[in-house]
Amino acid sequence: MASNTTLRTFRSLTCTIRASCQHTQPLRPFSHSTQALNASPTDRNKPSLSMDSLLGNVSRNFKNAGPDHFGNIIPNADGTPGFKNLAPREWEEDDKHKLHVYATKHNTHLCLTQPNRNPLISVSCGNIGFRKAGRGSYDAAYQLAAFLMNRIQDKGLLPQIQKLELIYRGFGPGREAVTKAILGSEGKRIRPLIVKLADSTRLKFGGVRSKKPRRLG
């Protein structure tokens, strides 16, 4: 009984396989796609559109979109105040003076600029009498910060500074020295004006090959 059932199952599978093999698709070359073979003769004879006509269609679609078709592309195009697509911090006018602290292991540079980045005072440790290796010391940077704050007061720039942004760059000894000078008695007039701290130290992700380490002895 079991052998008869197995024989009938085998015969039914054989018939199914033969039927599927008889309905195979005709062979076609690799260069022809299925879409090209099934395309109608009218589609094959249709002329291709030129670049001018395509650009004309794009222009007509913009005009048919309505009177505010550039509203999502150009901010404030419809006359409404403000920028809808931008955060306030990305477009508001910067009214802060900036004090740049560039601290390297060989020197410290301080630069006070206007909100439009025009420099007002730019000094380094060499301007106050330090020479060669002395320019990279902690004491030189501290005296430079005190000199800059006195210079700001002597030139009458303090009333102009409503807000001050402190921007650090580099990790030399002058970084901590300038911070200590601002927190000390020398910076008592500058300290209340600081509203923002930033760090613009350059970080290298991959980049060029580093300089060979200096080895003494």
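## Glu165 in strand 4

In this predicted model, Glu165 is a buried residue, its relative accessible area being 6%, and it belongs to strand 4, which covers residues 164–169. Because burial is taken to mean a relative accessible area under 20%, the 6% computed for Glu165 places this residue in the buried class.

Beyond the residues up to four places away in sequence, Glu165 touches Lys96, His97, Lys98 and Leu99, and also Lys196 and Ala198.

## Thr108 in strand 2

Thr108 is located in strand 2, which comprises residues 108–113, and with a relative accessibility of 1% it too counts as buried. When its neighbours within four places in sequence are set aside, the contacts of Thr108 include Tyr102, Val123, Ser124 and Cys125, together with Arg135, Ala141, Leu144, Gly174 and Val178.

## The largest nonpolar core

In soluble globular proteins, nonpolar side chains tend to be buried together. Here the largest nonpolar core consists of 24 residues, and the members with the most contacts inside it are Leu110, Leu112, Ile121, Leu148, Ile152 and Leu164. At least two residues of this core are supplied by each of strand 1 (97–103), strand 2, strand 3 (119–124), helix 6 (138–154), strand 4 and helix 7 (173–183), with helix 6 giving the largest share, namely 6 residues.

The surroundings of Leu112 can be described in detail: leaving out neighbours within four places in sequence, Leu112 is in contact with Lys98 and Leu99, with Asn118, Pro119, Leu120 and Ile121, and with Ile152, Leu157, Ile161 and Leu164.

## Helix 6 and its cover

Helix 6 is built from 17 residues and spans 25 Å between its first and last C-alpha, which is close to the 24 Å expected at 1.5 Å a residue. Its buried residues are Ala140, Ala141, Leu144, Ala145, Ala146, Leu148, Met149 and Ile152, and the elements that cover them include strand 1, strand 2, strand 3 and helix 7.

An α-helix has 3.6 residues a turn, so residues three or four places apart point the same way. Among the buried positions of helix 6 are Ala141, Leu144, Leu148 and Ile152; of these, Ala141 and Leu144 are also contacts of Thr108, while Ile152 is a contact of Leu112.

Met51 lies in helix 4, which runs over residues 51–64, and its relative accessible area of 56% makes it exposed, because the exposed class begins over 50%. Together with Leu54 and Leu55, Met51 forms a nonpolar surface patch of about 310 Å².

Methods. Residues numbered from 1 in each chain as written. Predicted model: local features only at pLDDT ≥ 70, side-chain atom pairs only at ≥ 80, totals over all residues. Heavy atoms only, no water. Patch = residues over 30% accessible without salt bridge, like charges linked within 9 Å, V, L, I, M, F, W, Y side chains within 5 Å. Areas by Shrake-Rupley, 256 points an atom, 1.4 Å probe, with all protein chains shown as cover. Salt bridge = Lys/Arg side-chain N within 4 Å of Asp/Glu carboxyl O. Helix = DSSP H or I, 4+ residues; strand = E, 2+ residues; numbered from the N terminus. Buried < 20%, exposed > 50% of the residue type's maximum accessible area, 1.4 Å probe, protein only. Contact = heavy atoms within 4.5 Å. Core = buried A, V, L, I, M, F, W, Y, C linked by side-chain atoms within 4.5 Å. Expected span 1.5 Å × (residues − 1).
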